[in-house]
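Open the model in your viewer and keep the selection tool at hand.

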Amino acid sequence: MHDYIVGYNIILLVYRNIVAAIDKMFLIWQIAFPVVYIFVAGYAYSALIGDQGITIGSLTVTYVSFLTAGMIGFNVMNGSTIAGAIIWNDKRNGMFQQILVMPFNKIQYVIANLITLILIGLGSAAVIMIIGFPTIFHDINVTLWSIPYTIYALVAGSIFFGSFTIILSTRMKSSEGYNVISNGLFLFFAFVSSAFYPAEGLPQPLSAAFYVNPLTYIVDITRAGIFAQISTFTNIEVVILGLLSSAVFLIATRSMIRMEA
Amino acid sequence: MLNDRISNQAPPSIRDRNEPCISVTHLKKQYGKANAFILDGISFDVKYGTVFGFLGPNGAGKTTTLKILTTLLSPTSGSVYIFGKDIIRKQSEIKRKIGVVSQNPSFEANLTVERALDLYGLLWGLHDSGVRKNKVNEILSTFDLESIRNSKNDELSIGQRRRVQLAREFMHGEDMDLLFLDEPTVGLDPSARRMLLDYIKKHVMSGLTVFFTTHIMEEAEYLCDEIAIIDDGRIIAFDTPTGLKQKYGGANKIIEITFKEVLSESFIDLLKKIIISSENSDGDQRRRDDTTNTTSRIDINETNQNAVTITVNNAEEVISEILQLVSKNGMQIESISINPPSLEEVFLSIVNDENSSRDNERK
């Protein structure tokens, strides 16, 4: 019987999260936003930069390739925010309480949300990979050794940003507060990062601010994996991202378990 | 008017079962050791195949009880058994057999009504998509939701959303044995309200047990087989609706008089005097019988200043005096009626008595 398998309950809740949370607007946002960046901003800035390209490790790639690789990490961040939105809507629309009086418990609800955020994060990255492939394929230089770095960055990135929005959604009381804080912080995450431009050569304070931002680590590791440019610094970034994601993940899990129906 | 109450007729095999569907014993709930008990040792049983009304004023402990029975809260002490199973240890098994319609709205904002029902069916274990589709169509038709089947929940009116919330619980399939309804008719128009109550009755007849809270006494009277009244965390009355009226309504009668002219202050004062003197003359009888509620009072209708409602336990005597007064003052009566107390009157009387005795204890 499916009914008594705990794992099956989690699968049902993941399915429910995806069906209930993903609407047309979300999909449009997930696809249109990075496409505009890659195909409009990418080619417009390429004209300004000229043929010199961007240096990543020992490799020089076109700005569009640089940006597309950055957009993969960026879209992971965008996609993962849906984890917070699911919890926020469940709380606001009474579905959190309703799910708990059905044959599901809080632990299953928490695990299902974490799986959902990783799936949506990876799905968002895959969408950009597919859309941006024509712009990046001539610079791609993956190896068996470098691919796990990219996958790690995307999973850890999903966990970090998903957990981050979960913490916000469990702590905030009003929709206005939730929106203002999440939009403000995500504006910082998006533009004070190496997603759009390289951190090298920036004024020192700005460069330092880039490395306070986990999106910079996600994007750097993703690029290092895609272009097979793994360095000692990449490995340090891997450790920092792992620690940050674990810490935020634990706080998010604790916040969800403490949520009262 | 919901005055044509029909006894629920669940199959004898269900109604005659010896063990209760819900058994609550000495249930206590306290939020933090320094705080007072929200539930102070309540006990009651709910029989299989019946509708159990759980009534009480705001803050009495209804929602806390409901949250414990639906596994959302843990009790501080006492025991709760549902289907003979301990609610703490067998939570998962119990939850598969219960449905809950809570007082607060709950909905999936992005989904259409049809999609939401289908998803709910899947979550309840209806894995076959064909079976689910038929069930969705049946529910859409029963709850008159066909015209909004493609509307998103976010676009619905409060009443429509409430109907979907109720309908959704019946996507449970054939396994639901117990349904908790927490003020389920809030926001529904009279025909939807009646349709819902009749639908519940139909299911009770086929064996469903219902735990029902409401502030609408007409509904409780229409639907419930037994009623418990809770106040300040304690059960203060428990009986059938008829039993409650007999036990707590006493000899009280409600006299409703509509005059042809607006009542003057001086005339109302004269009416009050009649009631007070009739109460005094009846005082010896009241002292002999504590259980008879004899709180006489006069209520002036706020919307129609020609009408008064008088509660007394010697209606015939009071009417005769009022008629004399009317004739003396040259007034005319449009209509007059004498009725037994409604469940609402009884409820108010029980709760007011409880509040008075609690105030006296404090003094």
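Start in chain A with helix 2 and helix 5, which pass each other in a right-handed crossing (the near helix is turned clockwise from the far one by less than a right angle). Helices here are DSSP runs of H or I of at least four residues, strands are E runs of at least two, and both are numbered from the N terminus.

This is a predicted model, in which local features need pLDDT of at least 70, side-chain atom pairs count only at pLDDT 80 or more, and totals for chains, interfaces and linings use all residues. Residues are numbered from 1 along each chain as its sequence is written, while chains are lettered from A and ligands numbered from 1 in the order in which they are written.

Next, select residues 24-49 (helix 2) and 106-136 (helix 5) of chain A: they pack at an angle of about 30 degrees, with axes 10 Å apart. Helix 2 of chain A is therefore roughly parallel to helix 5 of chain A (an angle under 35 degrees).

For the contact itself (C-beta atoms, placed from the backbone, within 7 Å), show A:Gln30, A:Ile31, A:Pro34, A:Val35, A:Ile38 and A:Gly42 on helix 2, then A:Ser124, A:Val127, A:Ile128, A:Ile131, A:Gly132 and A:Thr135 on helix 5.

Now move to chain B, which has 13 helices and 14 strands. Colour domain 1 (12-240) and domain 2 (251-340) of chain B separately; the bounds come from an automatic or database domain assignment. Their C-alpha centres lie 41 Å apart.

Methods: Axes fitted to C-alpha atoms, helices over the stretch in contact; angles between N-to-C directions. Parallel < 35°, antiparallel > 145°, perpendicular 65-115°, else oblique. Contact = placed C-beta atoms within 7 Å.
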